[in-house]
Every structure is written in C-alpha cells, then in structure tokens.
Amino acid sequence: MVKYSKEAQKSVQLSIKKMENGTLKIGKSNKKVTDTKQAIAIGLSEVREKDAKVPSKKSPSPSAKK
C-alpha cells in the first residue's frame, strides 16, 4: 500500500469538505464537483504541484492498449 504524506491527507480532506459544502469547482468551467473520487483527484493534483509525497498517476499498461 502506498503511503501519503500528512500534507496530502490534509489536502484531500479539505477538498472533500469543500465538495460537501458545494464550493469545490472544476477548472475553468466552474462546475460544482459532485463525485467523491473527483474531489480526491483534485486534492491529490493540488499536492502534486507542491511536490509532496504522492504516488504518480497510473499509466496504462502496454497490454491494455490491445
């Protein structure tokens, strides 16, 4: 199992709380986030920008391209 830094955990929790309050929005379109998985992805991407310890995005395996 991958370990996340404390900063990453706080960022994800904050993004989920924002989603529940209805203040978390998607990029330039300003649409409200309604999916928890999307809120987690936004939180992790914000932490990646700060260079915290977060696993990299998964790339598709070569066998999946067939």
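**Exercise 1. Describe how helix 1 and helix 2 pack, and classify their angle.**

Step 1. The axes of helix 1 and helix 2 lie 8 Å apart, and the packing angle is about 140°. Axes are lines fitted to C-alpha atoms, for helices over the stretch in contact, and angles run from 0 to 180 degrees between N-to-C directions.

Step 2. Helix 1 is therefore oblique to helix 2; angles under 35 degrees count as roughly parallel, over 145 as roughly antiparallel, 65 to 115 as roughly perpendicular and the rest as oblique.

Step 3. Residues making the contact include Ser11, Ser15 and Ile16 of helix 1 and Thr36, Ile40 and Glu46 of helix 2. Contact means heavy atoms within 4.5 Å.

The model is predicted: local features need pLDDT of at least 70 and side-chain atom pairs pLDDT 80 or more, while totals for chains, interfaces and linings use all residues. Residues are numbered from 1 along each chain as its sequence is written, and side-chain values use heavy atoms, without hydrogens and water.

**Exercise 2. Identify the residues of the largest nonpolar core.**

Step 1. Six residues form this core: Ala8, Val12, Leu44, Val47, Ala52 and Val54. A nonpolar core joins buried Ala, Val, Leu, Ile, Met, Phe, Trp, Tyr and Cys residues through side-chain atoms within 4.5 Å; buried means under 20% relative accessible area, exposed over 50%, partly exposed in between (1.4 Å probe, protein chains only).

Step 2. At least two of its residues come from each of helix 1 and helix 2 (36-49); helices are DSSP runs (H or I, at least four residues) numbered from the N terminus.
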